[in-house]
Amino acid sequence: MTQAELRLCSLLLQEHFGEIVEKVGNSLLRTGPRPLRLLVGDTGLLPDQVKKALCVLIQHNLVRYEVQPRGSVEYEARSERILRILRYPRYIYTAKTLYGDPGELLVEELLLHGHLPMSCAVARVADRLTETMEDGKTMDYTEVSSTFVRLADTHFIQRCPIVPESPWNTKAPPPPAPALAIAEKDMYIVPRLSLVGKGKRRHSCDEEEEREHKAKKQKQEVGNSETPPDDGIYWQVNLERFHQHFRDQALVSAVASRMDQTSSEVVRTMLRMSEVTTASGASHTQPLSSNEIFRSLPAGYNIGKQVLDQYLALLADDPLEFVGKSGESGGGTYSVKVTWGSGVSWAPPSPLPHPSLMPLFLHRFGSRCARIFRLLLRKKHLEQKQVEDFAMIPAKEAKDMLYQMLSENLVSLQEIPKTPDHAPSRTFYLYTVNVMAAARMLLHRCYKSVANLMERRQHEMRENKRLLEKSQRVEAILASMQATGAEVAQLHEVEEMITGPERQQLENLKRNVNKIDASENQVDETIFVLESFIESTMKRT
């Protein structure tokens with residue numbers, strides 16, 4: 001794990017869970033798997049604090065535990081899962097785009113709490129949607145639960161592993177930690193619940209306290225006789241399914257930019273038909289016949305069967321191999337190739353994972369270095385004299401640029417000796433692009449960029465802390481006065497507690513924070529492309 005990743009993980013844990021959880025998580029990231037005793041000694045925290053921090057991290061799938069042969073339990077941080085916190089806004093926005101407000105809030109609640117039962121998640125979302133509705137309108141539980149079922153059917157959410165039932169006649173002592181497991185066929189089965197009810201609005205503080213007191217009293221009277229219908233069945237967000245959706249969207253956009261909109265719609269239909277049956281790490285989707293694709297095309301696309309066959313043939317014959325064809329009987333079957341990389345994939349002709357990464361080279365090294373880099377990507381191996389001739393760059397400048405990229409590990413130098421003694425005068429020196437090293441270097445810089453953005457946002461918030469607290473107090477006073485029916489003059493008088501320069505400073509702060517948030521999301525898109533490219537390349541090799 002690099003220092004940039006460690007720094008970014010620490011910042012994410014501190015921002016979302018606080019200093020104590022960050023200290024425990026940082027200790028696990030630095031030292032690797034450790035038992036509770038060593039973890040308490042390394043962090044200097046109280047045992048109860050470390051236990052509660054571990055509970056939070058395990059709740060959010062950021063830490064895993066394993067029972068050792070001698071009976072001790074070791075805890076290990078999942079750095080790749082911690083880095084996914086950066087992508088939470090994108091998951092939530094995707095759920096909103098596909099399933100509307102109920103889908104957005106369901107995914108948000110599951111990400112916020114780590115995992116929840118279906119009944120609890122539906123009730124929370126219904127209450128939140130009711131708060132945003134007009135007076136007299138409420139959100140019914142059935143509408144939210146139907147969205148929950150659709151999310152499970154499309155595998156965007158999945159059931160959490162549970163403790164398997166042990167035989168009644170066993171007399172063996174319980175293990176130090178439970179071993180959780182779940183069958184793959186059960187991961188997306190939604191229990192049949194009759195959730196009847198409507199969302200509730202929040203009341204004033206006094207009414208809320210009174211209601212909570214009554215609820216606690218009723219709970220004590222009833223005892224533990226009543227349990228939720230889905231007690232013990234917890235749900236979590238399936239992040240790999242979201243990544244598969246992001247990959248499919250990138251593939252559809254690539255087809256649309258290279259060919260036309262109809263071709264992209266054909267590919268989109270094929271991806272939609274096999275989105276649930278295709279594994280996240282598969283190199284291609286499930287084979288489909290042209291008749292199946294034709295029947296599944298959207299109603300708005302009035303293209304004939306022959307035209308569809310022509311589009312499929314064009315996609316299969318394209319050099320980028322968007323679609324692969326197998327067999328000839330019955331017209332053959334088609335599958336979409338979804339491997340990131342070059343050669344056998346839909347990626348750009350260059351081995352770079354995405355053409356949008358070239359601006360990074362333009363910004364850091366200039367247009368001439370970018371020209372040399374593109375040339376080496378195309379020609380694979382070139383001598384220095386050939387680079388000068390093909391790129392039409394003076395010898396001294398070309399030499400300096402090649403050495404600069406060589407020092408950054410973007411290009412590598414390969415020696416091909418003519419004689420066994422490796423004499424320099426009888427040796428070819430060929431420059432070539434180290435694609436994996438370039439991708440890893442860019443990924444490392446992206447991690448550093450996101451960490452710098454997060455620290456900059458925290459600095460902005462610290463510098464304006466007193467002004468933000470004052471603004472929050474004024475907003476709370478205004479909300480309470482509006483609830484009690486205060487006059488317009490009184491509200492205006494409270495609003496004037498924030499002066500004009502302070503209001504301008506707040507607007508500048510809001511604008512800067514929004515820019516930083518947007519930059520984080522843009523860098524995360526690049527991180528996703530680079531991580532997917534590196535992962536698929538490692539699988540192929």
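A charge is taken to sit over a ring when NZ of Lys or CZ of Arg is within 6 Å of the ring centre and within 35 degrees of the ring normal. In this predicted model, the charged end of Arg241 is placed in that way over the ring of Phe156, 4.4 Å from the ring's centre.

Across the whole structure, a search finds seven aromatic pairs. One of them joins Tyr88 and Tyr91: the ring centres are 6.2 Å apart and the planes meet at 45 degrees, so this pair counts as tilted. Both tyrosines lie in helix H6 (residues 88-113), where three residues, about one turn of the helix, separate them. Tyr88 is buried, with a relative accessible area of 13%, and Tyr91 is likewise buried, at 0%.

Tyr91 has a further partner in Phe246. Here the ring centres are 6.1 Å apart and the planes lie at 0 degrees, so the pair is stacked. This pairing brings together distant parts of the chain, since Tyr91 is in helix H6 whereas Phe246 is in helix H10 (residues 239-258), 155 residues away. Both Tyr91 and Phe246 are buried.

Attention now turns to the nonpolar interior. In soluble globular proteins, nonpolar side chains tend to be buried together. The largest nonpolar core in this model holds 101 residues, and Trp235, Ile372 and Leu376 have the most contacts inside it. Helix H18 (residues 435-463) supplies the largest share of this core, with twelve residues. Returning to Leu376, its contacts beyond the neighbours within four places in sequence are Leu382, Val387, Leu402, Val411, Tyr431 and Val433.

A last stop is Ser145, which is found in helix H8 (residues 141-153). Is this serine buried or exposed? Its relative accessibility is 13%, and residues under 20% are classed as buried, so Ser145 counts as buried. With residues up to four places away in sequence set aside, Ser145 touches Met118, Val122 and Leu195.

How values were computed: Residues numbered from 1 in each chain as written. Predicted model: local features only at pLDDT ≥ 70, side-chain atom pairs only at ≥ 80, totals over all residues. Heavy atoms only, no water. Helix = DSSP H or I, 4+ residues; strand = E, 2+ residues; numbered from the N terminus. Buried < 20%, exposed > 50% of the residue type's maximum accessible area, 1.4 Å probe, protein only. Contact = heavy atoms within 4.5 Å. Core = buried A, V, L, I, M, F, W, Y, C linked by side-chain atoms within 4.5 Å. Phe/Tyr/Trp six-rings, centres within 6.5 Å; stacked < 30°, edge-to-face > 60°.
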